[in-house]
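Keep the viewer open as you read.

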Amino acid sequence: MNRNYDVAVIGAGPAGSYAASLLAATGHRVLLLEQTRADAVAPGCTGVVGAPYVDLVGVDSDVILTEARSATFLSPSGASMRVTSPEIQAYVLDRALLEQRLRRRAVAAGAELREGMLVTRVARAGDTVEVVGLCEGAAERYSCRALILAAGVSPGLSRQVGLPASGRFLVGAHTEVEMDGVPETEVHFLPDLAPGAFAWLVPVGARRVRVGVLCARAAARLTGRFLDRSGVRERLVALPGSIVQRPVPVSVPRRTYSYGVVAVGDAAGQVKPTTGGGLYFGAIAARAAAEVVGRALESGDLSPCALSEYERSWKSALGRELRRGAFARGIYTRLSPGQVDRIIARAERTGVADMLLNSRSFSFDRHSATLLSGLLRCLPGAFRGSEVFTEEAGE
């Protein structure tokens, strides 16, 4: 096995595998390291994306489970708002199959994939980066000129390569259940259970429904409470076997590059603050990383100054979306259950949601501007009497 590479990519999730395939396709020697084997990949998210992601990555048709043109939003009291469009707004992917296919593409492009590898140490050694890990109990060591960190939230590895970690996190939970009566996606706002919390039900087949929750803490426990909620509990056919929980970064580190190293995906906080989704943002960043690192390898300049172009590139593409999304999440976190009820009622009554959904500017993968516009239009009707829009209002 070759132990010297141009680039090592730690993490063969969607962002890491995509970056590896792009670099390998341009002739670079790429090593792709992943702890989980392809046949043991478990979906860590619901896998809902828009057409831009499908087109950018080239998602195979059999990876798409279903299409979505409509959704129902429900407030804590049960008030509902349904939005619909004649156009496809989102696709639900087989998340495990997507990851397997992207790994396979990276290998087909020329990358060397090493599965079952737990990376334990990363350190600079002169002009190279040394990566040490364990595979089936045996230590292995690799050397590379450049490193792409795509291993999700991994503060230990970030520190070893001189990168600061994200400062703020939410917790996401995901499971799949058997349910009746879920013909389309449902989004449930849960400020009565926890400030800023919400849940979703996404049908993916006969009685198969994916369930997700995003909140500040204890997402798996909150998922159980949500599934026991009136209006949800009655439709359950079988309880979930297990609930997967993971940290979701909702802030960007001060820097996403260092000498010979760039971070992509969750490792760089490239996640929608509104929903916790990161597939599209991770792909945008992976492409930027492949372009910048590829040029740096060709020029022989892997200095922080040269790799800072990566951060400028992805922030130019995603920075405004991240800021708007964080602002919208901040507003929602401060709303009381009653205020959320009135916002949903006002949006349903005025038809503002349908109007925005069907506007030319709407995109599922870049929805923060539309979300903010609708929220600000409906926000004045959310307050009564002496209610004040403060952090205490959501407690």
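What share of the 395 residues in the protein do buried residues make up? The figure is 54%. Keep in mind that this is a predicted model, so every number here is computed from predicted coordinates.

As for the overall build, the protein has 10 helices and 19 strands. Taken along the principal axes, its C-alpha atoms fill a box of roughly 65 × 40 × 35 Å.

Now for the charges. Side chains of opposite charge can pair when their charged atoms come close. Searching the whole structure turns up 26 salt bridges. One of them pairs the side chains of Arg3 and Glu140, at 4.0 Å from N to O. This pair links distant parts of the chain, with Arg3 sitting in the segment before β1 (4–10) and Glu140 in strand β11 (residues 138–149), 137 residues apart. Arg3 is partly exposed at 34% relative accessible area, while Glu140 counts as buried at 9%.

Another salt bridge joins Arg207 and Asp180, at 2.9 Å from N to O. Here both partners are in loops: Arg207 between β14 (198–205) and β15 (208–215), Asp180 between β12 (169–179) and β13 (185–189), so the pair ties together parts that are 27 residues apart in sequence. Arg207 is partly exposed, with 42% relative accessibility, and Asp180 is partly exposed as well, with 34%.

Buried or partly exposed: which describes Arg235? Its relative accessible area is 17%, under the 20% cut-off, so Arg235 is buried. Its salt-bridge partner is Glu186, with the closest N and O atoms 2.8 Å apart. Arg235 lies in the loop between α5 (219–227) and β16 (236–238) and Glu186 in strand β13, 49 residues away. Glu186 is buried too, at 8% relative accessibility. Beyond these pairs, salt bridges with shared partners join Glu34, Arg95, Glu99, Arg103 and Glu115 into one network.

Arg95 comes up again when you turn to the open spaces. The largest pocket has a volume of about 970 Å³. It has 39 lining residues, and those nearest its centre are Gly13, Arg95, Ala150, Ala151 and Gly152. The elements giving two or more residues to this lining are α1 (14–25), β2 (30–34), α3 (95–109), β9 (117–125), β17 (244–249) and α6 (279–299). By class, the lining has 21 nonpolar, 12 polar and six charged residues.

The second largest pocket has about 260 Å³. Of its 14 lining residues, Arg168, Leu170, Val250, Arg329 and Thr333 lie nearest the centre. Both β12 and α7 (304–333) give two or more residues to it, and α7 supplies the largest share, four residues. Eight of the lining residues are nonpolar, three polar and three charged.

Among the residues lining it are Gly152, Phe169, Pro249 and Asp266. Its lining has six nonpolar, four polar and one charged residues.

Methods
Residues numbered from 1 in each chain as written. Predicted model: local features only at pLDDT ≥ 70, side-chain atom pairs only at ≥ 80, totals over all residues. Heavy atoms only, no water. Buried < 20%, exposed > 50% of the residue type's maximum accessible area, 1.4 Å probe, protein only. 1 Å grid on protein atoms, 1.4 Å probe; cavity = no way out; pocket = protein on both sides within 12 Å on 5 of 7 lines; lining within 4 Å. Nonpolar A, V, L, I, M, F, W, Y, C, P; charged D, E, K, R; others polar. Points joined across faces, edges and corners; volume = space filled by probe spheres on them.
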